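Open the model in your viewer and keep the selection tool at hand. This tour goes stop by stop, with a selection at each one.

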Amino acid sequence: MAMRGALRNKRSLTDKIGSNKVENNEQVIKKRKHLTIKSDTNEITSNSDWKPPNWEKTLDDIRKMRKDIVAPVDNMGCDQAADLNESPEVIRYHVLISLMLSSQTKDEVNFAAMQRLKQHGLTVDNILEIPDDHLGKLIYPVGFWKRKVQYIKRTTRILKDTYNGDIPNTIKDLCQLPGVGPKMAHLCMSCAWNEVTGIGVDTHVHRISNRLGWVKKPTKTPEDTRVALESWLPKDLWREVNHILVGFGQTICRPIGPHCDSCLNKKTCPSAVLNSTSVKKK
């Protein structure tokens with residue numbers, strides 16, 4: 001099954017990164033002193049006893065549905081775009097660039113842009129040498145591609161000058177890179193460094209968490225949703241919940257025209273819609 005193949009690729013990426021993690025972390029530490037930070041939101045909300053009712057069954061039903069339907073994130077997500085034949089630091093750079101391109105961009109478009117970048121040669125040195133207009137042609141039509149050309153160039157220069165061509169290994173330092181926010185940083189720590197530091201909350205995770213009532217109060221931003229989810233969801237599920245909800249949002253719990261009649265949670269979801277269309281299984 002395609003989804004299982006995608007999950008195998010995910011494990012091979014984290015396995016390769018993980019096998020070099022200790023060695024590379026030692027090298028990074030020698031080059032600069034890092035301030036490793038913990039999530040303040042976790043410390044503030046970890047004592048909350050609130051949990052959404054029946055959340056375990058809801059999550060298990062979503063897992064069952066995801067097994068039957070292949071979503072774009074399964075084969076073309078940011079964790080699928082890196083070239084595993086490259087060195088660990090280049091793989092991590094691929095992950096970071098893929099995440100930077102992914103904002104306001106469908107996985108299919110992002111994945112195609114990454115293929116063009118890799119064909120050109122997606123390394124720190126190559127990107128620093130490429131003219132801006134050429135880089136723009138390679139990543140077009142990702143969302144806000146002109147702005148992302150500048151973000152990529154500025155970030156890559158920082159990586160070259162400050163991190164010896166590697167990427168930062170803390171949330172704090174990742175968020176200081178141009179064009180990188182908390183969602184990207186947490187996903188980058190998970191995919192590039194094989195370290196779970198928080199839940200990556202994109203528009204799908206944000207929307208579905210509110211629809212399911214997985215937040216105690218409605219949240220207005222993905223970052224608010226991340227704080228709310230981390231206050232009750234066991235940490236060993238943080239990595240899974242991003243991937244599984246993103247695919248669920250791409251295929252069933254869509255932003256417009258959700259397939260509520262095909263959802264196993266239609267009787268318990270507060271936001272279930274009666275007049276919805278069915279989704280075809282592949």
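Contact here means heavy atoms within 4.5 Å. The model is a predicted one.

**Stop 1: the buried side of α9**

Select helix α9, residues 132–139. Which of its residues are buried? Colour Leu135, Gly136, Leu138 and Ile139: these are the buried residues of α9. Look down the axis. The four span an arc of only 160° around it, so they sit on the same side of α9. Now turn to the other side of α9, where Asp133 and Lys137 are exposed.

What do the buried residues of α9 pack against? Show α6 (88–102), α7, α8 (124–129) and α10 (145–162). The buried residues of α9 pack against these helices.

**Stop 2**

Two packed helices are described by the angle between their axes and the distance between the axes.

Show side chains at the contact. From α7, pick Ala113, Arg116, Leu117 and His120. From α9, pick His134, Leu135, Lys137, Leu138 and Ile139. Colour by class: the contact of α7 with α9 holds 5 nonpolar, 2 polar and 2 charged residues.

**Stop 3**

Lys153 is in helix α10 and Asp132 in helix α9, so the pair ties together parts that are 21 residues apart in sequence. Asp132 counts as partly exposed, at 32%.

Next, select Asp125 and Lys160. They form a salt bridge whose closest N and O atoms are 2.9 Å apart. Asp125 lies in helix α8 and Lys160 in helix α10, so this pair ties together parts that are 35 residues apart in sequence. Asp125 is partly exposed, with a relative accessible area of 39%. Lys160 is partly exposed too, at 37% relative accessibility.

**Stop 3: a buried pair and a network**

Select Arg66 and Asp74. The two form a salt bridge, with the closest N and O atoms 2.8 Å apart. Check the accessibility of each partner. Arg66 counts as buried at 1% relative accessibility. Asp74 is buried as well, with a relative accessible area of 0%.

Then select Asp60, Arg63, Lys64 and Glu240. A network of salt bridges links these residues. How many salt bridges are there by this count? The count comes to 11 salt bridges.

**Stop 4: α13 against α15**

Finish with helix α13, residues 203–212, and helix α15, residues 238–251. They pack at an angle of about 85°, with their axes 8 Å apart. That makes α13 roughly perpendicular to α15.

Which residues meet here? On the α13 side, show His204, Val205, Arg207, Ile208 and Ser209. On the α15 side, show Asn242, Leu245, Val246, Phe248, Gly249 and Gln250. By class, the contact of α13 with α15 divides into 5 nonpolar, 5 polar and 1 charged.

Conventions:
Residues numbered from 1 in each chain as written. Predicted model: local features only at pLDDT ≥ 70, side-chain atom pairs only at ≥ 80, totals over all residues. Heavy atoms only, no water. Axes fitted to C-alpha atoms, helices over the stretch in contact; angles between N-to-C directions. Helix = DSSP H or I, 4+ residues; strand = E, 2+ residues; numbered from the N terminus. Nonpolar A, V, L, I, M, F, W, Y, C, P; charged D, E, K, R; others polar. Buried < 20%, exposed > 50% of the residue type's maximum accessible area, 1.4 Å probe, protein only. Arc of directions from axis to C-beta. Salt bridge = Lys/Arg side-chain N within 4 Å of Asp/Glu carboxyl O. Parallel < 35°, antiparallel > 145°, perpendicular 65-115°, else oblique.
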